[in-house]
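Let's take a friendly tour of a protein model, looking at its rings and its pockets. Have the structure open as you read.

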Amino acid sequence: MKAIILAAGKGERLQPLTNDKPKCLVDLFGKNILRWQIDTYHECNIHDITVVTGYKNNLITYSDAKYLENKDYEETNMVETMFCAKNEMKDTVIVSYGDIIFEKNVLQKLIDSDEDFSVIIDKNWEKYWKMRFSEPLRDAESLILDDNDFIMDIGQKVDNINEIQGQYIGLMKFQNDAVKFIIDFYEKLKKIPDSEKNPLNPEIPFRKSFMTDFLRGLINAKCKVKAIPIHGGWLELDSIKDYNLYQKKFEDNSINDLICLERLGKK
């Protein structure tokens, strides 16, 4: 089993913390985000780890990971960053955003899924979003499930909370037939001329497609994407407001309201 960590981003909303380092190297609770992730993967016996870097990539030097570079990180987004690691996409692959941390049991739920394509969604998203945003619906995106927890729609802006049955956290797994399916799907889309509209999201160029655009495209192409539900146990570090919230809860010993640090990697 392989892990690919998408860590190319600049993290502008975390400035000044990211003025001199990439987002994934920002310290949180005594360790940086990337180290938390690598150690959590190790706790679950995943040691084949590739990090896709970009901004200030020379600072990411851990010896227990392999590295690839998205040299166009300023002009692209998560989808292009992921496919910089296309040659690593074999057998069973877990992909995680480089700005999240998650408990071992969250990762284990994903590992245990037998589905070809699985993504972690947080059912407790509303409580968490209300801590982070004054208007949660402005940031949250649609996520609609069928009766068997397969995703029917994802990634759209909504006005009604009933269109949100969870939030994708930036952690997914693909295996078996899904590996070839997503590579072929990506390669087919990449051949569409820039002069034509991006079929994943006509509002932006293909190279700037968000991961939820890609997931929605897969679903529209009849790919069965299984939602693996959790109820908290993870954090996203996206802004200075996030950072200050987490540090305050850490200092007043209430961080367990959001995540149990004892369930993260221990190295």
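## Charges over rings

The charged end of which residue sits over the ring of Phe150? It is that of Lys224, 4.3 Å from the centre of the ring. Keep in mind as you look that this is a predicted model.

You can find another such arrangement at Trp36: Lys31 lies over its face, 4.1 Å from the ring centre.

## Aromatic pairs

A pair of aromatic rings is described by the distance of the centres and the angle of the planes. The structure holds 15 aromatic pairs. One of them joins Tyr128 and Trp129, with 5.6 Å from centre to centre and 85° between the planes, an edge-to-face pair. Both Tyr128 and Trp129 are buried.

Now turn to Tyr186 and Phe206. Their ring centres are 5.9 Å apart and their planes meet at 35°, so this pair is tilted. Here the pair links distant parts of the chain, 20 residues apart: Tyr186 belongs to helix H6 (residues 177–190), while Phe206 is in the loop between H6 and helix H7 (211–220). Tyr186 has a relative accessible area of 4%, so it is buried. Phe206 counts as buried too, because its relative accessibility is 13%, and buried means under 20%.

Tyr186 and Phe206 also belong to one aromatic cluster, together with Phe83, Phe181, Phe185 and Phe214.

## The largest pocket

Rolling a probe the size of a water molecule over the atoms shows where empty space is left. The largest pocket has a volume of about 1,400 Å³. Its lining is made up of 44 residues, and those nearest the centre are Arg13, Asn77, Met78, Phe210 and Asp238.

Which element gives the most to this lining? Strand E11 (167–174) does, with 4 residues. Other elements that supply at least two residues include strand E1 (2–7), helix H2 (78–83) and helix H4 (125–132). Sorted by class, the lining has 17 nonpolar, 13 polar and 14 charged residues.

## The second largest pocket

The second largest pocket has a volume of about 230 Å³. It is lined by 18 residues, with Asn124, His231, Gly232, Gly233 and Leu258 the closest to its centre. Helix H3 (104–112) and H4 are the elements that give two or more residues to this lining.

How do the residues of this lining divide by class? There are 7 nonpolar, 6 polar and 5 charged.

Note on methods. Residues are numbered from 1 along each chain as its sequence is written. This is a predicted model: local features need pLDDT of at least 70, side-chain atom pairs count only at pLDDT 80 or more; totals for chains, interfaces and linings use all residues. Side-chain values use heavy atoms; hydrogens and water are left out. Rings of Phe, Tyr and Trp (its six-membered ring) pair if their centres lie within 6.5 Å; planes under 30 degrees apart count as stacked, over 60 as edge-to-face and the rest as tilted. Buried means under 20% relative accessible area, exposed over 50%, partly exposed in between (1.4 Å probe, protein chains only). A charge sits over a ring if NZ of Lys or CZ of Arg is within 6 Å of the ring centre and within 35 degrees of the ring normal. On a 1 Å grid over the protein atoms alone, a cavity is a set of points where a 1.4 Å probe fits but cannot get out, and a pocket is an open set with protein on both sides within 12 Å along at least five of seven lines; lining residues have an atom within 4 Å of a point. Grid points are joined across faces, edges and corners, and a volume is the space filled by probe spheres set on the points. Ala, Val, Leu, Ile, Met, Phe, Trp, Tyr, Cys and Pro count as nonpolar, Asp, Glu, Lys and Arg as charged, and the others, Gly among them, as polar.
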